Amino acid sequence: MLAFGVDIGGSGVKGAVVDVTTGQQVTERKKIATPRPSTPDAVAEVVRKLVEDAGWDGLVGITVPSVVRNQIALSAANIDPAWIGTEVQELFRRHLGSRDIAVLNDADAAGLAEVRYGDPTARTGAAMMLTFGTGIGSALLIDGELYPNTELGHLPFKTTTAERYASSKVKEAEQLSYSQWAARVDEVMHAYSDLFNPQTFIVGGGISRDADAWVPLLTVEQDVVPAQLRNEAGIVGAALAVIENTMP
Ligand code: BGC
């Protein structure tokens, strides 16, 4: 079964056709820079272009870096504030035409994909997926089922928030080495561990490509598994969500 998955991020909008039986992308992944300002209509137009360029007229799953409840975006931390209150079905249908569309949080999509296709350690029990990018995204999964819309990147931490302390954007902005940054991530993960006690952490986002440079430095007691789908988990999870009708 095939669906088009789109992952909307703070810096790029990426999409590909995904075979949800295998979790593999079956077309080349295309990426377009996130428009500035990243208003709903400007971003939806980019999504339309990705879908149209692929010649795709079937189902489309879309991630957004926002809380999505009853298919209404309720937050906008790293995207234009105009997203808050946007009825996302209406928005994307206006740009993509009438078809089945599912919209969900980016980290939630990544978590769904990782527990389905990634490291089997995370498939059972309580797993916490964390994505490190512009922000820190989180997804809580129990036996593969999602508790949607957790926003653990916004946990108040020290004098700031977890994501303003330890996202990979902060690593870049402050030119932290892997060991300096891993020490921050470790502190944040200890806080998450104290509060939620997951069995397994899955760590993703673009920076999971370099997992060997920082995951071994973490000292939380849990298994920490790098995302196997790397930065593609959002695309794959979006496609999975529209096929399985997972719509927060
Ligand atoms: C947003 C989340 C998102 C995360 C990763 C956070 O700033 O609030 O909804 O999952 O960034 O993109």
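1. Domain bounds here come from an automatic or database domain assignment. On that basis the protein falls into domain 1 (2–108 + 232–246) and domain 2 (120–227). Their centres, taken over C-alpha atoms, are 23 Å apart.

2. This is a predicted model, in which local features need pLDDT of at least 70, side-chain atom pairs count only at pLDDT 80 or more, and totals for chains, interfaces and linings use all residues. Residues are numbered from 1 along each chain as its sequence is written, and side-chain values use heavy atoms, with hydrogens and water left out.

3. Domain 1 and domain 2 bury about 900 Å² between them, 50% of it on carbon and sulfur atoms; buried area is the accessible area (1.4 Å probe) that two parts lose on being put together, summed over both. Asn78, Ala107 and Asp108 supply 53% of the area that domain 1 buries against domain 2, more than any other three residues.

4. Which elements give two or more residues to the side of domain 1 that touches domain 2? They are strand E6 (68–69) and helix H3 (106–117), where helices (H or I, at least four residues) and strands (E, at least two) are DSSP runs numbered from the N terminus.

5. Across this interface of domain 1 and domain 2 there are zero salt bridges, a salt bridge being a side-chain nitrogen of Lys or Arg within 4 Å of a carboxyl oxygen of Asp or Glu. Two residue pairs, both at pLDDT 80 or more, are in polar contact between the domains. A polar contact is a pair of N or O atoms within 3.5 Å; within protein, one must be able to donate a hydrogen and the other to accept it, and residues adjacent in sequence count only if both atoms are side-chain atoms.

6. The residues surrounding the ligand (a heavy atom within 4 Å) include Asn78, Asp106, Glu151, His154 and Glu163. A polar side-chain atom of Asp106 lies 2.5 Å from a ligand oxygen atom. For Glu163, the distance from a side-chain N or O atom to an oxygen atom of the ligand is 2.9 Å, and for Asn78 it is 3.0 Å.

7. Most residues other than glycine have a negative phi, and most peptide bonds are trans. Arg36 and Pro37 are joined by a cis peptide bond, with omega about -5 degrees; Pro37 lies in the loop between strand E4 (30–33) and helix H1 (40–53). Asp143, although not a glycine, has a positive phi of about 50 degrees, and Asp143 sits in the loop between strand E10 (136–142) and strand E11 (145–147).
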